[in-house]
Amino acid sequence: MPELPEVETTRRGLAPHVEGRRVSGVVLRRPDLRWPIPYEVVSLLPGQRVQAVRRRAKYLLLDTAAGSALLHLGMSGSLRVLPADTPVRTHDHVDIALDATGRQGARVLRFNDPRRFGCLLWQPPGETHELLAGLGPEPLSDDFDGDYLFALSRGRSAPVKTFLMDQRVVVGVGNIYAAEALFAAGISPLREAGKVSRERYQRLAADIRRILGHAIERGGTTLRDFLAPDGAPGYFEQELSAYGRGGEPCPRCGRPLKQASIGQRTTVWCGRCQK
């Protein structure tokens, strides 16, 4: 599943081509993706100008005066801005048609999703969709730091990796980036969240911000189904220190990296460098 950097890369790629343009129509080639597509997408979105393309956690929002289209890429979804006459491919389920501008002709924002685990929903103005309610802070925001993690973790016996991946704690730190940040901070993913010191959480929060920021600049992590809006894959995967490298030498000490399942997710770490 695309993680936060992939979604932010998509947002940054779409924004210059979508913001400020008026939606001229919506074409649904099926009535549902993961869930039924609400009627507001077809009845309210056409005629509206896209004021902003935002990201919250792994969701994208197209903000208009009438409300926001809420999208999630799921396991295999992708969004492309294409000329309006681009032929439709298999699994091109949704088109959001955009009026021509002075510089460009008519375009279409096309949602392709082979596995249909993505979604297209609606958030009325002034409201927060139930999928976004109760989410933790963004990891790159000022609300997220080591003191926050330390305070929230007191009394928690869950492994620190499970704690980090709880979207109520912090959004968007998925399996890949949790593994990488814990490796960088020298913290075992098995350690109880409540037994990590304030100083180590400060280091961990800084590493989360650094690694996510770097991955965003590089275009995200190359996964089989993910491409950036310009069709180019990300390149961060080539630099991974722990994730997906179970049994390989630790980049620091050379000992084989351990691998186990924590919370039904594969976890890789170094038994010597991470305590």
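Student: Is Asp 95 buried or exposed?

Tutor: The model is predicted: local features need pLDDT of at least 70, side-chain atom pairs count only at pLDDT 80 or more, and totals for chains, interfaces and linings use all residues. Residues are numbered from 1 along each chain as its sequence is written, and side-chain values use heavy atoms, without hydrogens and water. Buried means under 20% relative accessible area, exposed over 50%, partly exposed in between (1.4 Å probe, protein chains only). Asp 95 has a relative accessible area of 6%, so the residue is buried.

Student: Which side chain meets Asp 95 in a salt bridge?

Tutor: A salt bridge puts a side-chain nitrogen of Lys or Arg within 4 Å of a carboxyl oxygen of Asp or Glu. Here the N to O distance is 2.6 Å, and the partner of Asp 95 is Arg 29.

Student: How many residues apart are Asp 95 and Arg 29?

Tutor: Helices (H or I, at least four residues) and strands (E, at least two) are DSSP runs, numbered from the N terminus. Asp 95 sits in strand β6 (residues 92–98), and Arg 29 in the loop between β1 (23–28) and α2 (39–43). The pair links distant parts of the chain, with a separation of 66 residues.

Student: Glu 248 and Arg 245 also meet in a salt bridge. What is the relative accessible area of Arg 245?

Tutor: Their N to O distance is 2.9 Å. Glu 248 is partly exposed, at 34%. Arg 245 is buried, with a relative accessible area of 16%.

Student: How many salt bridges does the rule count?

Tutor: Some join into a network, with Arg 55 and Glu 138 among its members. The count comes to 17.
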